[in-house]
Amino acid sequence: TRRFGGVVAVDDVTLDVGEGEIVGLIGPNGAGKTTLFNLITRLYKPDAGEIVFDGESLLRTPPYQVVRRGIARTFQNVELFGSMTVLEHVLVGRHARRGRSARELLAYVDLSPLAHRLAAELSYGTRKRVELARALASGPRLLLLDEPAGGLNHEEVDELGALIRNLRDDFELTLLLVEHHMGLVMGVADRVHVLDFGRLIASGEPREVQNDPKVIEAYLG
């Protein structure tokens with residue numbers, strides 16, 4: 001549970017993400033999805049409850065050490081340093097842990113030709129790939145993706161879906177995905193959790209969740 005004054009942003013939510021799964025987290029704007037990410041990554045402290053990763057509490061882990069536990073994330077609004085190059089961003093991601101080399105990661109996300117371009121010069125979709133490469137550079141076990149399809153065109157969304165599935169297999173990752181693009185979520189997720197007004201209203205396989213009357217009323221329409 002997490003409150004902001006009189007607003008209960010996350011209200012007694014219990015959910016699980018299994019190792020090796022791709023799990024979707026969906027719901028209307030303001031449902032508490034990004035707040036939940038901020039709790040997992042320790043940017044926020046819960047007012048009540050526990051967060052357990054790999055059998056150990058995360059609440060005893062300082063925020064700056066969460067990445068050392070094997071958790072990385074991207075952001076709803078891309079967070080890059082405009083005066084740094086693409087390569088420098090990936091090198092920053094390697095400061096805490098050691099995953100694949102920066103050059104390997106740039107090749108993996110098709111950014112090698114842009115290695116020495118400044119982030120400020122890049123298109124929005126390309127900046128999202130830089131942020132993803134930076135997250136991968138820390139060698140995570142759990143990757144949190146916050147609206148990765150935002151601002152992408154249809155072709156880019158299709159490519160993103162294939163990339164997410166490949167990430168799970170090639171990097172042996174577990175992924176938790178916040179996303180409004182239902183075609184993407186339902187196409188890649190093994191299971192889906194649904195939040196509404198801070199509360200968990202449904203969990204299950206994609207088809208099951210899509211047909212849940214509570215989810216249709218609150219979100220899918």
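1. Basis. Residue numbers start from 1 along each chain as its sequence is written, and side-chain values use heavy atoms, leaving out hydrogens and water. Because the model is predicted, local features need pLDDT of at least 70 and side-chain atom pairs count only at pLDDT 80 or more, while totals for chains, interfaces and linings use all residues.

2. Aromatic pairs. The whole structure holds two aromatic pairs (rings of Phe, Tyr and Trp, the last by its six-membered ring, with centres within 6.5 Å; planes under 30 degrees apart are stacked, over 60 edge-to-face, the rest tilted). Phenylalanine 4 and tyrosine 44 are edge-to-face, at 5.2 Å centre to centre and 75° between the planes. Phenylalanine 4 is in strand 1, and tyrosine 44 is in the loop between helix 1 and strand 4, 40 residues apart (helices, H or I of at least four residues, and strands, E of at least two, are DSSP runs numbered from the N terminus).

3. Accessibility of this pair. Phenylalanine 4 is partly exposed because its relative accessibility is 33%, and tyrosine 44, at 26%, is partly exposed too (buried is under 20% relative accessible area, exposed over 50%, partly exposed in between, with a 1.4 Å probe and protein chains only).

4. Second pair. Tyrosine 108 and phenylalanine 171 are edge-to-face, 4.9 Å centre to centre, with 90° between the planes. Tyrosine 108 is partly exposed at 22%, whereas phenylalanine 171 is buried at 16%.

5. Charges over rings. The charged end of arginine 2 sits over the ring of tyrosine 44, 5.1 Å from its centre (NZ of Lys or CZ of Arg within 6 Å of the ring centre and within 35 degrees of the ring normal). Arginine 100 lies over the face of phenylalanine 171, 4.1 Å from the ring centre.
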